[in-house]
Amino acid sequence: MRNLFLLGVVVVTGLVLGTEANEYLEFNVTELDRIEELEYGFSKSSSNFNPLMVGLTLIRGAGAKGAVCLDGTLPGYHLHRGHGSGANSWLIQLEGGGWCDNIRNCVYRKKSRRGSSNYMEKQIQFTGILSDKAQQNPDFFNWNRVKLRYCDGGSFSGDSQNKAARLQFRGERIWRAAMDDLKAKGMRYAKQALLSGCSAGGLAVILRCDEFRNLFPGSTRIKCLSDAGLFLDTPDVSGGHTIRKLYNGVVQLQGVRNNLPHMCTNHLNPTSCFFPQNLISQMKTPLFIVNAAYDIWQIQSSIAPTSADPHGYWHECRLNHGRCNAAQLRFLQGFRNQMLRAVTGFSKSRKNGLFINSCFAHCQTERQDTWFADDSPVIHKKAVAIAVGDWYFDRAEVKLIDCPYPCDRSCHNLVFR
């Protein structure tokens with residue numbers, strides 16, 4: 001069963017990629033095709049794994065609402081219908097993929113699948129939390145499962161345009177158009193629903209979670225899951241603020257301000273309200289956070305980007321944690337401590353859940369090997385899928401925080417050449 005599936009998994013205890021994949025981890029470079037191995041945890045060339053393939057549906061009514069990708073094309077999603085006990089349950093997965101914060105980067109992005117449906121795959125694999133196999137996805141395998149494609153570059157939150165560059169920043173409209181379309185296809189009758197997302201999609205979950213709750217009657221069980229979306233407002237290794245500068249650019253360029261939670265903008269500036277740490281404790285809807293304490297994307301692109309490390313002191317460490325010296329590991333332990341402080345108030349609420357493992361990873365719910373497999377990462381012998389299911393169905397209160405690196409030997413660490 002699962003062990004047969006894992007014959008096709010490339011990543012077991014670590015993933016080694018060529019230098020071309022490093023660009024994915026820079027803020028403003030669109031992912032290359034090779035990054036699919038990061039997202040799904042298997043090699044496309046493997047003959048031993050046959051994932052469910054789900055076709056792309058364009059949202060035909062979106063254009064009339066101005067809900068379009070960066071280049072003006074229609075947005076889309078992939079839907080696999082539920083059955084049996086899951087026929088009236090819905091899982092919405094918001095795709096991730098970084099952001100664009102200036103005209104140049106957004107123009108580059110609109111010529112890719114992250115900015116235009118013209119470049120999106122006509123079919124994608126559904127693995128991990130999207131899998132249709134009970135042995136790979138025990139709690140959600142027979143739900144209606146949707147992956148909403150990400151083509152706005154602003155975490156489904158912008159609403160503006162730049163006519164000179166022919167750019168449309170319509171993430172918030174795409175979000176609403178997609179929800180309207182899915183409600184018309186039966187989501188309005190959901191008995192239970194889960195809004196999830198990874199990376200920039202995980203941030204979007206936090207921004208849109210309470211809105212999602214308001215789409216349904218009060219009797220519907222609604223919860224949200226953010227995977228690798230806990231981006232911290234923290235200094236980089238030079239003392240600068242790389243990620244704050246990026247987020248400020250996104251918020252200003254894409255007209256995000258009016259679509260941020262008012263509970264935050266009433267007392268903080270819009271850029272601060274794009275950071276999850278300033279939102280999560282005030283959310284009304286139950287939220288589960290899955291995050292690596294040493295999030296590799298944040299290490300490579302926010303904490304120790306090349307722009308903050310001109311002499312290359314962090315070069316080896318940022319690509320492979322095994323090459324970090326004692327001082328660098330102390331810095332990374334400080335980052336973990338900041339993450340734990342950020343969730344302190346959030347974790348006090350019984351309705352919320354946590355799975356923070358001490359791994360060098362990024363996005364663990366859509367990858368089959370990290371979601372649920374024979375050797376998946378665990379905390380107290382509990383895999384991510386079981387932790388999320390226990391929390392969602394109120395089988396147990398789940399507040400799992402790993403001991404510091406290097407104590408966890410179950411990690412699937414991402415290592416780069």
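Reader: Is Cys264 buried or exposed in this structure?

Author: A residue counts as buried when its relative accessible area is under 20%. In this predicted model, Cys264 has 0% relative accessibility, so Cys264 is buried. Cys273 also has a value of 0% and therefore counts as buried.

Reader: What do Cys264 and Cys273 form?

Author: Two cysteines are read as a disulfide when their sulfur atoms lie within 2.5 Å. The sulfur atoms of Cys264 and Cys273 are 2.0 Å apart, and the two residues form a disulfide.

Reader: Why is the disulfide of Cys264 and Cys273 described as left-handed?

Author: One reads the torsion about the S-S bond. For Cys264 and Cys273 this torsion is about -90 degrees, so their disulfide is left-handed. For Cys198 and Cys363 the torsion is about 90 degrees, and that disulfide is therefore right-handed.

Reader: How many disulfides does a search of the whole structure find?

Author: The search finds eight. Among them is the pair of Cys403 and Cys407, with sulfur atoms 1.9 Å apart. The torsion about its S-S bond is about 105 degrees, so this disulfide is right-handed. Cys403, at 38% relative accessibility, counts as partly exposed, and Cys407, at 34%, is partly exposed as well.

Notes
Residues numbered from 1 in each chain as written. Predicted model: local features only at pLDDT ≥ 70, side-chain atom pairs only at ≥ 80, totals over all residues. Heavy atoms only, no water. Buried < 20%, exposed > 50% of the residue type's maximum accessible area, 1.4 Å probe, protein only.
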